Amino acid sequence: MITVSIVGATGYTGHDLVKILSGHPSVKIVDLSAKLEVPVMIEDEYPDLAGSISMVCGHPDTGRVIEKSDIAFLALPHTVSMKYAPELLDGGVKVIDLSADFRLESPRLFKEWYGEDHTKPELIDSAVYGMPELNRERIAKSSLVANPGCYPTAAILALAPLMGEGLVDETRIIIDAKSGVTGAGKKASLELLFAECNESVRSYKVGSHQHTPEIDQELGRLAGREIGVIFTPTLVPVNRGILCSCYLKLVKDIPGEDVLAIYRRFYSGAPFVRVLKRGEWPDTKYVTNTNYCDIGIGVLKDKKELVVVSAIDNLVKGAAGQAVQNMNIMCGCDEKEGLV
Ligand SMILES: NC(=O)c1ccc[n+]([C@@H]2O[C@H](COP(=O)([O-])OP(=O)(O)OC[C@H]3O[C@@H](n4cnc5c(N)ncnc54)[C@H](OP(=O)(O)O)[C@@H]3O)[C@@H](O)[C@H]2O)c1
């Protein structure tokens, strides 16, 4: 059995990690923790977990995690994970970090977009960007996986097959992504109150969302050139789900069927990416509570434009599910084990 600990178990992604891992046939959860001063039973915090797990969740104790675990999931706010990861790695525990702390290659960019100095820049080089569809072999050998952000997962999966193919104008990529409210985590804030979000759709951080450099970095790596996307995030009044619409200028005439064939080839070994038939478009309800990413593609021939739409569950493929997929790869399990 793979022994796992979850730090940040009381948060939204922590909840989904506990839920998925408590049903994983090759996993034993050995430790749960969060910021809490007073320990709680996890099934009291999240009654839907009752019957699947009964375990105390207390304040993090890295010594205890090192003693008991093969893998530690850090479902923590950015800048907090980098406080825990070094000691866990030194203690021989493999770390899958759901925060942004090890995603950006440049500590300068981290400071620019996350507002704080990176305190462990020496660890960044050893971290592998945890998107199995792009980095499966490197993830298998890694001790530190930087699990991708939710918007970047949806955007990069939608665009990766096109990068470096000479099909689209890579200097003009428009990403219009809508997310459910759990994307912001469990913390209380005025703009996330029911009355503020319900029956309302609003864009925010246009051109300044912290996931922009992550998308640029990973698409740029695939394209072999600098990429600077135009990214508009929008909050929609649902709990879960991201629908990501991408608009690209085609630089040559290509039928929709040929673009579909490129996507099918690119994702032929990817069990959680479903490329939809021509004329079909993703719907978040078909990926909710699953680790799937659905992708629809359309060529607007007269306008020489390509539209690619992806849908994921932000807490599953966009966070906890992808993290478990990475764990499966790191531990030599079937990539789909424990996941739907
Ligand atoms: N939400 C998403 O859709 C999503 C998707 C992809 C990635 N992510 C990333 O995943 C991470 C977790 O996100 P989330 O949405 O689950 O956040 P969340 O709901 O706000 O949960 C954060 C968790 O971290 C714990 N925590 C906070 N500060 C801590 C500290 N100093 N020491 C120990 N535990 C601490 C909290 O404990 P308490 O409950 O005791 O405060 C809570 O369990 C974030 O970095 C986020 O950006 C989120």
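**Salt bridges and the domain interface**

Asp16, Arg240 and Asp313 are linked in a network of salt bridges. This is a predicted model: local features need pLDDT of at least 70, side-chain atom pairs count only at pLDDT 80 or more, and totals for chains, interfaces and linings use all residues. Residues are numbered from 1 along each chain as its sequence is written, and side-chain values use heavy atoms, with hydrogens and water left out.

User: How far apart are the closest N and O atoms of Arg240 and Asp16?
Analyst: A salt bridge needs a side-chain nitrogen of Lys or Arg within 4 Å of a carboxyl oxygen of Asp or Glu. Arg240 and Asp16 form such a bridge. Their closest N and O atoms are apart by 2.9 Å.

User: How many salt bridges does the rule find across the interface of domain 1 and domain 2?
Analyst: The domain bounds come from an automatic or database domain assignment. That assignment gives domain 1 (2–126) and domain 2 (151–314). Across their interface, the number of salt bridges found is four.

User: What area do domain 1 and domain 2 bury between them?
Analyst: Buried area is the accessible area (1.4 Å probe) that two parts lose on being put together, summed over both. Carbon and sulfur atoms carry 53% of it here. The total is about 1,200 Å².

User: Which residues of domain 1 lose the most area to domain 2?
Analyst: Three residues together make up 50% of what the domain 1 side buries. They are Tyr12, Arg103 and Trp113.

User: How many residues of domain 2 are in contact with domain 1?
Analyst: Contact means heavy atoms within 4.5 Å. Domain 1 brings 13 residues to these contacts. The number from domain 2 is 15.

User: How many residues apart are Glu133 and Lys317?
Analyst: Their side chains meet in a salt bridge (2.8 Å, N to O). Helices here are DSSP runs (H or I, at least four residues), numbered from the N terminus. Glu133 sits in helix H7 (residues 132–140) and Lys317 in helix H12 (residues 316–330). The pair links distant parts of the chain, with a separation in residues of 184.

User: Is Lys317 buried or exposed?
Analyst: Buried means under 20% relative accessible area, exposed over 50%, partly exposed in between (1.4 Å probe, protein chains only). Lys317 is at 0%, so Lys317 counts as buried.

User: What relative accessibility does Lys186 have?
Analyst: Lys186 forms a salt bridge with Glu45, the closest N and O atoms being 3.6 Å apart. Glu45 is partly exposed at 31%. Lys186 also counts as partly exposed, at 40%.

Technical notes:
Helices (H or I, at least four residues) and strands (E, at least two) are DSSP runs, numbered from the N terminus.
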